[in-house]
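Me: I have a model open and want to learn how to read it. Can we take a residue, then a helix pair?

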Amino acid sequence: MRYNSAVSPITHGSMIKKLLQRVFKGKPKGGRVLASSHEARRYPRRVHGIARSSISPAALKTVEGLQKAGFAAFVVGGAVRDLILKRVPKDFDVATDATPEEVRRLFRRSRIIGRRFRIVHVMHGQETIEVSTFRGSHLDADDDASVADSGRILRDNVFGSHEEDAVRRDFSANALYYDPVTEEVFDFTDGLPDLKAGVLRIIGAPHTRYREDPVRMLRAVRLSAKLGLKLDPATEAPIPELAALLHDVPPARLFDEMLKLFLSGHAMESARALREHGLHHGLLPMLDVVLEQPLGERFVTLALRNTDERVLADKPVSPAFLFAALLWHEVLALWQKLQTEGARPMPALMQAMHEVSDIQAEKLAITKRFSVMMKEIWSIQPRFEQRAGQRPYRLLENPRFRAGYDFLLLRCQSGELPMALAEWWDAFAVADSAQRAAMLVPDSGAPKKRRRRSRRPASASSASETASGQA
Ligand code: ATP
Ligand code: MG
């Protein structure tokens, strides 16, 4: 809105007031009725049960700093939800009515980041707190260009009131605000009763909210699996029907969400729920086919269980390994098909790997780093079957030996290869040199031919070595 210096002070004053009302109060305009404007329910500590001491010192300092400067500030979102559920939050986010610039000026160690919506990272010690300004619903925006034909929000960057910030969030359980100074929880969306009842409920009209952002369907499935919350029936009902909307979501965003889905320690439960809601088509196009073959299903199940166990035991998990596992049976099927058509094993594997990852890339932008490692894990698999001459020794030195071996183990455990093969490698890895020499399988004539080819740099049989060397 343009500032007109010719208007009288009174008109001018009321114009500003109107503007402020529009920006901060979300008054209906153009006949559009926004969420009813009401006060938040405020719950005391006795009801919500959050102890101030469970808030990270950095989040506490950020909120106090903002409040001392006269701004509203709360801990918000996943952290409040997790604390009410007596879980340890991953991180603490803060919401405020201060603009990003105002936040930036208040904290020396802070910077403004983000393109889609500008937020401020405030650093205290080692910790970073994400501070976002109350944001309004896109319906307040003056241009309709921010909504795609399917209803998906493309831009989402209008400041709003506290209440608007609550109702633009996804689930009622994610829209709770904790003020560590007064120790109250502010609730505009009946999130606290929902949480206490163990229910995950989308805020507003489910169809509209999923159309605005189809990723919310994945979040519904993921959060209910992770937190053991039941999906409210109206929240759950439209998902199968709207699942195809995930095709419009940029692949990079889907990839981020997939990582959260499968690396949260609840991969098994999440995969089951994805299938149940018909959401797996949009993510891994052929996963449903894989899951329908007994061997493929066993393999994916073992891989996911394995991942969950590692996450829950605080061991590192590699997204590359996980994606290699999720896609393996697609690679395997194509690899076998190409061989029956006459291709030699290594070139056939290379072709299968590249075709599967190309199809996948259209849906899900597996980042370069992960996709390189994923291919390394696949491409060294045939080398575990070569147990003659110098080959096993060379494989032991390969930087991907460990991941490759873990992958081989899954193949054996799922029944694809004999268990004896994994056991052989187990023993070979720890044996002394005399024992190793005795373990070698007599060389047949075939590998010699392949060894000659492997001297040519572009040959397919050396591709595994080349790929592994990049790590
Ligand atoms: P997690 O514990 O997995 O981090 P989270 O709920 O904190 O779960 P974030 O992605 O960190 O998830 O999001 C922080 C908050 O932002 C959410 O609690 C929710 O209020 C809001 N939010 C996130 N994604 C969306 C979305 N797609 N639509 C609306 N609000 C969202
Ligand atoms: Mg979070």
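This is a predicted model: local features need pLDDT of at least 70, side-chain atom pairs count only at pLDDT 80 or more; totals for chains, interfaces and linings use all residues.

Me: Where does Glu184 sit in the secondary structure?

Reply: Glu184 lies in strand 8, which covers residues 184–187.

Me: Which side chain makes a polar contact with the side chain of Glu184?

Reply: That of Thr182, at 3.2 Å. Leaving out residues up to four places away in sequence, Glu184 touches Arg42, Tyr43, His48, Tyr177, Tyr178 and Asp179.

Me: Now the helices. How do I describe the packing of helix 16 and helix 18?

Reply: Two packed helices are described by the angle between their axes and the distance between the axes. Here helix 16 (residues 319–340) packs with helix 18 (residues 368–379) at about 55 degrees, and the axes are 9 Å apart. That angle makes helix 16 oblique to helix 18. The crossing is right-handed.

Me: Which residues make the contact?

Reply: Helix 16 supplies Pro319, Ala320, Phe321, Phe323, Ala324, Leu327, Trp328 and Val331. Helix 18 supplies Phe370, Met373, Met374, Ile377 and Trp378. By class, 13 are nonpolar, none is polar and none is charged.

Me: What about the protein overall: how many helices and strands?

Reply: The protein has 24 helices and 10 strands. Of its 471 residues, 50% are buried. For contacts between residues at least 6 apart in sequence, 67% join residues at least 24 apart.

Definitions and conventions:
Residues are numbered from 1 along each chain as its sequence is written. Chains are lettered from A and ligands numbered from 1 in the order in which they are written. Side-chain values use heavy atoms; hydrogens and water are left out. Helices (H or I, at least four residues) and strands (E, at least two) are DSSP runs, numbered from the N terminus. A polar contact is a pair of N or O atoms within 3.5 Å; within protein, one must be able to donate a hydrogen and the other to accept it, and residues adjacent in sequence count only if both atoms are side-chain atoms. Contact means heavy atoms within 4.5 Å. Axes are lines fitted to C-alpha atoms, for helices over the stretch in contact, and angles run from 0 to 180 degrees between N-to-C directions. Angles under 35 degrees count as roughly parallel, over 145 as roughly antiparallel, 65 to 115 as roughly perpendicular and the rest as oblique. A crossing is left-handed if the near helix is turned anticlockwise from the far one by less than a right angle, and right-handed if clockwise. Ala, Val, Leu, Ile, Met, Phe, Trp, Tyr, Cys and Pro count as nonpolar, Asp, Glu, Lys and Arg as charged, and the others, Gly among them, as polar. Buried means under 20% relative accessible area, exposed over 50%, partly exposed in between (1.4 Å probe, protein chains only).
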